[in-house]
Amino acid sequence: METLLEIIGLSISYQTKKQEIKAIDNISFTVKKGEFVAIIGRSGCGKTSILSAISNLIPYIGKIKFYNDKGLSTNRPQIGYMLQRDELFPWLTIRQNACLPLKIKNNYTKEKIEYVDNLLEKYGLSAFKNSYPNQLSGGMRQRAALIRTLAISPSLLLLDEPFSALDSQTRISVCDDVYNIIKKENKTAILVTHDISEAISVADKIIVLTERPANILSMHEINLNKELSPLKRREEKGFASLFETLWGELHK
Ligand SMILES: Nc1ncnc2c1ncn2[C@@H]1O[C@H](COP(=O)(O)OP(=O)(O)OP(=O)(O)O)[C@@H](O)[C@H]1O
Ligand SMILES: [Mg+2]
């Protein structure tokens, strides 16, 4: 697999009136095209900060390099960022919400709208296209939010605890849905979570962060059967021992 993203010596500090808070301390890792990387760490250790730096929303030290088919890219690719809460606008219909990034990016073309309509259809939301977010279940809203994220055809998806507002059972099935959509659409993804099982069930690679200022405590290549859905992977041999290892690392 080719490299899509390379992070070298990333450090992030926040300046407040009283002090400097060092969130990230010298982190390096790579993400390959098509790879699903999960970053886990305790609350407040700096997970969101890493995604913010990748999206160029905050200042940082170090290098964040992107690659395309021709090698090192001078531009940042389209990045889709999905947040903890679905952030759908209540006064817009599902279709209007999903098409919103096209309007913002001034890319509201027939072709792009068709792409969004297709995604809504393919992932079971076409009957709810003209409904408002409060008429949908939490899981459906998360799916709609993912489709909105996909509208601009990002080559990299950043998922910041996208399932944390859901109850634990819905969470597992929505995670399955979202995973399938990401895989079918051939996307590369970085998922931030503090749910160890969730990370093991979706990831090709897990990066474990230390407490703040975060650096990398360990990195694990996950070799569970990738043909299985995240839900089924939870039953695989090896899942439980991985869970134990990661739990141990996070609770040292
Ligand atoms: N804008 C900011 N100004 C000052 N400090 C900040 C700012 N954003 C984050 N921090 C601090 O940086 C540290 C890392 O924050 P970050 O949001 O990246 O953690 P996180 O791992 O995503 O946490 P959580 O799991 O709770 O979402 C925290 O101590 C936080 O207080
Ligand atoms: Mg966070």
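1. Basis. Residues are numbered from 1 along each chain as its sequence is written, chains are lettered from A and ligands numbered from 1 in the order in which they are written. As the model is a predicted one, local features need pLDDT of at least 70 and side-chain atom pairs pLDDT 80 or more, while totals for chains, interfaces and linings use all residues, and side-chain values use heavy atoms, with hydrogens and water left out.

2. Shell of ligand 1. The ligand is surrounded by 15 residues, a residue being near if one of its heavy atoms lies within 4 Å. Ser43, Gly44, Lys47, Thr48 and Ser49 are the closest. By class the shell holds 7 polar, 4 nonpolar and 4 charged residues; Ala, Val, Leu, Ile, Met, Phe, Trp, Tyr, Cys and Pro count as nonpolar, Asp, Glu, Lys and Arg as charged, and the others, Gly among them, as polar.

3. A side-chain N or O atom of Ser43 is 2.7 Å from an oxygen atom of the ligand. For Thr48, a polar side-chain atom lies 2.8 Å from a ligand oxygen. Gly46 takes part through a polar backbone atom, 2.9 Å from an oxygen atom of ligand 1.

4. Cover and contributing elements. Ligand 1 taken alone exposes 640 Å², of which the protein buries 64%; areas come from the Shrake-Rupley method with a 1.4 Å probe. Strand 2 (20–32) and helix 1 (47–54) are the elements that give two or more residues to the shell. Helices (H or I, at least four residues) and strands (E, at least two) are DSSP runs numbered from the N terminus. Helix 1 gives the largest share, 3 residues.

5. Helix 1. Of its 8 residues, 7 are buried, meaning under 20% relative accessible area with a 1.4 Å probe and protein chains only. These are Lys47, Ser49, Ile50, Leu51, Ser52, Ala53 and Ile54. Just after the helix, Asn56 has a positive phi of about 65°.

6. Largest cavity. A cavity is a set of points on a 1 Å grid over the protein atoms alone where a 1.4 Å probe fits but cannot get out, and its lining residues have an atom within 4 Å of a point. The count is 1 cavity of 30 Å³ or more. The volume of the largest is about 30 Å³, taken as the space filled by probe spheres set on the points. Its lining consists of Phe36, Leu159, Phe163, Cys175, Val178, Tyr179, Leu191 and Val202, which divide into 8 nonpolar, no polar and no charged residues. Helix 5 (residues 168–184) supplies the largest share of this lining, 3 residues.

Terms used: Polar contact = N/O pair within 3.5 Å; in protein donor to acceptor, adjacent residues only side chain to side chain. Buried < 20%, exposed > 50% of the residue type's maximum accessible area, 1.4 Å probe, protein only. 1 Å grid on protein atoms, 1.4 Å probe; cavity = no way out; pocket = protein on both sides within 12 Å on 5 of 7 lines; lining within 4 Å.
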